[in-house]
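My notes follow in the order I took them.

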Amino acid sequence: MEIFKVGDLYHVGIAVRNASDTAKLYQKTLGLIVEHDETVPDQGVRAIMLVPKDSSSSAIELLEPVVDDSSISKFLEKRGEGMHHICYLVKDIYEGIESLKKDGIEMIDHTPREGLNNTLVAFAHPKSLNGVLIELAQKI
Ligand code: ZN
């Protein structure tokens, strides 16, 4: 069987208290532009994706909690603002989940769930991956 491998780095997730203010700051100081802005009540977050202008670079995803008990609120309480996760694109998210599980990685999501911007996503637990929360995303 072929070895499972992820595709391009899709985005780096950053937990923030106020996504609009942070987006403005990053636009002004880093010249990034807003690619996508979406609130997902299910996950209790608002997400703003920013990319460098005229570039095929990966994005950053600013995550602001919109409810008190979202995973991002808990993260902010514990650790404050900062890097939250890294997301890789995969061709087949089901294959990705199965492959990681087979390699002993603890998955937070055993089945894919709907992500932002027409994706299916699944998170792997940071304790299995040297403290880094890894998200797999498949575009649909
Ligand atoms: Zn993400």
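**Entry 1**

The model is predicted, so I kept its limits in mind: local features need pLDDT of at least 70, side-chain atom pairs count only at pLDDT 80 or more, and totals for chains, interfaces and linings use all residues. Residues are numbered from 1 along each chain as its sequence is written, and side-chain values use heavy atoms, with hydrogens and water left out.

I took strands (E, at least two residues) and helices (H or I, at least four) as DSSP runs numbered from the N terminus. I called two strands paired if DSSP finds at least two bridges between them.

β2 and β3 run antiparallel, joined by 8 bridges. Their hairpin has 4 residues between the strands, and glycine 44 there takes a positive phi near 65 degrees. Alanine 47 has leucine 63 in β4 as its bridge partner. This second hairpin has 6 residues between its strands, and aspartate 54 in the turn shows a positive phi of about 50 degrees.

How many residues of β3 are buried? I counted buried as under 20% relative accessible area, exposed as over 50%, and partly exposed as in between (1.4 Å probe, protein chains only). In β3 (residues 45-52), 7 of the 8 residues are buried.

**Entry 2: arginine 46**

Arginine 46 lies in strand β3. Its relative accessible area is 19%, so I list it as buried. I looked up its contacts (heavy atoms within 4.5 Å). Beyond neighbours within four places in sequence, arginine 46 touches Ser20, Asp37, Glu38, Thr39, Leu62, Leu63, Glu64 and Val66.

I checked polar contacts next: pairs of N or O atoms within 3.5 Å, where within protein one must be able to donate a hydrogen and the other to accept it, and residues adjacent in sequence count only if both atoms are side-chain atoms. The side chains of arginine 46 and serine 20 make such a contact at 2.7 Å.

**Entry 3: the whole sheet**

I traced an open sheet of 8 strands in the order β2-β3-β4-β1-β5-β8-β7-β6, with mixed pairing. β2 (32-40) and β6 (113-114) are the edges; each has a single partner strand, so one side of each has no neighbour in the sheet. β5 and β8 (residues 134-139) pair in the parallel sense over 4 bridges. Leucine 89 stands opposite alanine 137 in β8.

**Entry 4: the zinc ion**

Which residues coordinate the zinc ion? I found His11 (NE2), Glu61 (OE), His85 (NE2) and Glu135 (OE), at 2.0 to 2.3 Å. Donors here are N, O and S atoms within 2.8 Å of the metal (3.2 Å for Na, K and Ca); water is not among the atoms, so sites may look incomplete.

The 4 donor atoms subtend angles of 88 to 173 degrees, so the arrangement is irregular. I applied these rules: four donors are tetrahedral if all angles lie between 85 and 135 degrees; four are square planar and six octahedral if opposite donors are over 155 degrees apart and all others between 65 and 115; anything else is irregular.

The donor spacing in sequence is H-x49-E-x23-H-x49-E. Glutamate 61 sits in β4 (residues 59-65) and histidine 85 in β5 (residues 82-89), so this pair ties together parts 24 residues apart in sequence. Both glutamate 61 and histidine 85 are buried.

**Entry 5: helix α3**

In α3 (residues 93-102) I marked Ile93, Gly96, Ile97, Ser99 and Leu100 as buried. Down the axis they fall within an arc of 170 degrees, so they line one face of the helix. I took the arc from the directions from the helix axis to the C-beta atoms. The buried residues of α3 pack against β7 (119-124) and β8. Tyr94 and Lys102, on the other side, are exposed.

I looked at both ends. At the start, a side-chain oxygen of aspartate 92 reaches to within 2.9 Å of the backbone nitrogen of tyrosine 94. After α3 comes glycine 104, with a positive phi near 85 degrees.
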